[in-house]
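I opened this entry to keep track of what I looked up. The structure comes first, my notes after it.

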Amino acid sequence: MILVPCPHCGARNASEFRCVGEQRARPGDGTGPEPWRSYLYLRSNPAGWVTEGWYHRAGCRRYLTVERDTLTNEVRPLPAEDLA
Amino acid sequence: MSAPYRLGPQPGEVLDRSRAFSFTWNGRRYPAYEGDTIVSALAASGERVFSRSFKYHRPRGVLSASYHDPNCTVQVGDEPNVRAAHRRAAPGMDVRAQNAWPSLRYDVKSANQIVGRFLSAGFYYKTFIKPQRLWPLYDRILNRFSAGGVLTHAEPHEYYDKRYAHPDVLVAGGGPAGISGALAAAESGASVLLVEEEHELGGHLRWGDQAERAALAELRAALAANPAIEVLTDSAVTGRYDGNWVAVVQRNLPQVTERLIKARAKTLVVAAGLIERPYVFEGNDLPGVLLSTAARRLINTHAVRPGDRAVVLTANPEGDAAAADLECAGVDVARVVDARRGGDVVRVLGGRAGVRQVECGDGWKVACDLLVTAVGWTAPTALLNMAGDRPAYSEAAARFFPSKLPDDVLVTGGIAGDGTLDELIDHARATGREAARRALGGGGGWGTTMAPPALPVAEHPALFRGRTHGFVDFSEDVTSKDLAAAVHEGYDSIELVKRYTTATMGPSQGKLETVNTVAVVAEATGHSIGDTGTTVWRPPYVPVTLGALAGRSFEPVRYSPLQPWHERAGAKPLVAGAWIRPDHYGDSAGEVRNVRTNVGIIDVTPLGKFDLRGPDVPQLLNQLYVNKWSKLDVGSVRYGVMCAEDGVVLDDGVVGRLAADRYLLTSTSSGAGTIEEWIESWLQIERPDWRVYATPVTDAYASINVAGPRSRELLARVADGVDLAPEAFGYMRVRSGRIVGVDGCFLWRIGFTGERSYELHVPAAYGLHVWEALLDRGADLGVAPFGIEAQRILRLEKGHLIVGQDTDGLTQAYGAGLDWLVKLDKEDFVGRRELAWQRGRDDYFRLVGLQPVDGSVVPAEASQIVEGGNTIVGRITSSRMSPTLGRSVCLGFVAPHLAAPGTTVSVQLPGGPLIPATVMAQHAHFDPEGVRQRG
Amino acid sequence: MAESPVARSPIAPAPPVALAHGWEVSARRSTAALRITDCTPLDKLLVRALAGGVVAGAFGVPFGRAARDMRDVLVVGSGPGEWTLLARPGAGAAAAAALPDDDLTSVVDLTSGRALIRISGAHTAALLAKVCAIDLAEDVTPDGAAFRTSVAKLVTDVVRHDHDGERSYLLHCERSYGQYLFDALLDAGAEYAIDVEGFV
């Protein structure tokens, strides 16, 4: 059972969250169908560290972003400089 | 009743001879003492055969006399698959053999042995396949011959529950290393949970010599004196998951059959000891072939003489000690064969009663009834494997060792190395201290971990298979010959061999057979044991009952405040997600007619409701809905549809503006949770600068829809402070006021049912009060409740779609006929891009109103619409008999070329004929102009 | 039917049933060591305001803590920028009125929207440990700790609020789940002979 480090509530069991998935930046206006659908449906799915969104539905009800190693399920908060 | 093989009191015995009782085995009574296991009591009486094997139905006796003994599975009362070498006998217990018919002694199914050569491993991949029509017969045959006990459904359910635990250090294994580690961790300030699989702590010290027993007594005393250590016996650590999330099944509770403990341990110490390994040779499964630890357990802890005349094959000091114990117990030790000096056992011959003769490596044949083997040890590394370790093989020690552990897992005891008892205890104490230090975050954190110095490793001869073929997996009846044959057939990796032969896949899950399997496969492939490697161990470590996993049934249920009334009125309950809703009150057609004629009231409390506050609410609404919201006046209500980023219809509902900065947004009841998260994702991630608070208030208001030509009359009798005149309170308007004395209510006029209707939102605590008042004050108006089924019919008559019923995961807004709502000239909204692209296409299915030509036929929902006999060109999404029109009415999807009004389509009724239906000009079948709801 | 409206909890009251503060409540007495009480009639307000703003400063209660204010209202820091006020029946309005004016504040009356339960007694932690995965040890969740988590699979707010020297917890959830939560706690407390105590 993965422990997700919620920045508000502290480390909590993953079952309190909904995993939103790999983080992508929402494309701006003027994006054509191909890149838009790539945003909707494609993920890079790395074997290793991925930046991932979770929603703390049974806790503070905040969306948060963490990094997870998909090979070991180690989870860590975003590096401090990325939080800005 | 006599027990001819019961010994006099032994210093280390666990029996209470002052408490004697009897129990039955296959209908016969046998004596026992408190502390006896089922097997020890039966063995004391001279019984040797406890089961028939899985496939060949060979008679089987005690092998390890431990929890993991594969030959001692029995049925106790109504409980199948009981481990008789672990389960304690109890007065009056009714124990029976499994998998044997008509009896254990004369098992007809042992005929399998005759056709054994056709039942080699993997036989079911090659037989019982054709012809396919005989599968039901094959199924019945195979069922009768398969193992496992008998389940009855008549017995009452037992009580299983669970709890959570947060120990600093969890120690798996209660032998000398586990106990010492736990003590040292507790002395360092950690909270400790110590879990032991057997009934007593002590591991191998329990059947050891006097010095070992004295050491055990000291350890037990120290443990009892330390309140920071919680000790669980007869409990198993069944799995280690991410972040040291550890599952423990606790079985030693008086009122709870089994309790699943979900522990988040900061550090896990695995002190699981060593499991003795059987030797593979012809006849190695005969009753009377015992492991040395089995012999010593029976003699020293249960005061049972395992047989009369024995041969001992020993390769280590524990085997030597077993020979000594046998002599002390009065067994005639005819020969001790020392494998360290080249001694060996070639084969054992026997009959139904078990061992009769042992043939030694030097040619000697010894008549006896007992062969005790001590050929080596296996480290039970499963938990470590679950923590990501791949054990490494040591040629010198002839066993696998842990190799690479994460920072939060430590090992100690026999699993980690050898040495004297003092050396093992010292290592365990150092490990316990380190485990506590890591758990409590002592200096340096995870980065500077300190592993205790390694234990010495003793050399041991490599003895796996002798000179003949024998059983490797006793539970699955897999022999070394089967394994060699599998390799010969091309299954040459250990993972493939395991799956093809099922070796290690039985109830003992590899504990007694994995290493022998690896050794035999290595032999057959010509690779080393180390290179062959082991298979991957996954949780659970031991089989777990479904009851323990299920625990108490936590299924949250939601009730409206009006539920007590619905129950008293005999409403038929409808399960809608977590909600219980009234489906109808006995006559849904009558309820429909009453709404169209008089007035009906329906409980719609599960409707998703959101309190929106702040100056930027219109921005939020514009962003999430496909239509426009900037010009919604205070006191007005508007219908809206939300699409997802792919243009697919997500949800619909109405939004009312209650005050300048205050709105009430509604969603579908099933979508309420999704919409809450959706709104929050926009406010938190994409637009954190918007000044909006959205608070879910679904449960805060009881919602009642008052619908029908007389709704205004009824409302006039309950509403206070609201001008109900049509000019003052028109269609799609919202007002606030007091209803039968309850302040803080909202009412709006909307039209799901197609009649003049008012939806009341009442503070939920007063919901029942208002509902009862409506029924009481409207009696002469013909007011009656209507349920979900009636509402479904009413809205279908009006052609109002239900998101998720008349739309699916691919329905974009234009396909649902929502063209009129989509405002592509808005700056941005969710789904805009895809909807703009959709509008340029013409290839999507359209939602249309449909009426079967024969109005008495009501097609089942999801009936397919077909063309040319086998091409699907649509489906029925909603379908009911309309009491108002006296004929069936539907909504459905059709391909664009069939969407023109008047087109006839063919509907395939499930398992039945094709019926014609007509595409209508609009979705509404009744009052398409909406005159009734706007009045 | 001209009498004043009766307010009801989603939790069926244990007999004897009485009327108090306009609510139908249980008047049952109990001297058991482990007790459970339906406290739904308490006024409940959900206040959302900017973290670090004027309202936040006036409360002085950070996220994860609960404290009584001068009006005997229990102020719970139930989320980032979110406070739940629990007050005696009828006292909620005054509490809301007393809030300082701030730019962006939302006060929603959830008296009807939440079911509220109190459990009291030495075994409350053992009971909760059966249905809740949060560490209830003294050094992790002491008196005054507030958190939201999953209790018996239900999203629930929990406040440790010791009372008369006894360990005690307040739990609240969305109203419609109230009976389920009550029943789940009763089941978990059966081992410790839990008994129902009335609101009055």
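**Chain C: between its domains, and against chain A**

I began with one pair: Glu82(C) and Arg148(C) form a salt bridge, with their closest N and O atoms 2.7 Å apart. I took a salt bridge to be a side-chain nitrogen of Lys or Arg within 4 Å of a carboxyl oxygen of Asp or Glu.

I noted that this is a predicted model, where local features need pLDDT of at least 70, side-chain atom pairs count only at pLDDT 80 or more, and totals for chains, interfaces and linings use all residues. Residues are numbered from 1 along each chain as its sequence is written, chains are lettered from A and ligands numbered from 1 in the order in which they are written, and side-chain values use heavy atoms, with hydrogens and water left out.

**Domains of chain C**

I looked up the domain assignment, which gives domain 1 as 26-41 + 112-196 and domain 2 as 43-109. Such bounds come from an automatic or database assignment. Taken over C-alpha atoms, the centres of the two domains of chain C are 22 Å apart.

I then checked the contacts (heavy atoms within 4.5 Å). In chain C, 15 residues of domain 1 touch 14 residues of domain 2. The buried area is about 1100 Å², and carbon and sulfur atoms give 55% of it. Buried area here is the accessible area (1.4 Å probe) that two parts lose on being put together, summed over both.

How many salt bridges are counted between domain 1 and domain 2 of chain C? I found one. The rule also finds eight residue pairs in polar contact between these domains, both residues at pLDDT 80 or more. A polar contact is a pair of N or O atoms within 3.5 Å; within protein, one must be able to donate a hydrogen and the other to accept it, and residues adjacent in sequence count only if both atoms are side-chain atoms.

On the domain 1 side, strand 9 (114-120), strand 10 (146-151), strand 11 (154-160) and strand 12 (168-174) each supply at least two residues. Strands are DSSP runs (E, at least two residues), numbered from the N terminus.

**Chain C against chain A**

I counted 10 residues of chain C in contact with 11 residues of chain A. About 880 Å² is buried between these chains, 50% of it from carbon and sulfur atoms. Pro80(C), Arg148(C) and Val155(C) lose the most area in chain C, together 51% of what that side buries.

Strand 10 gives the most to the chain C side, with four residues.
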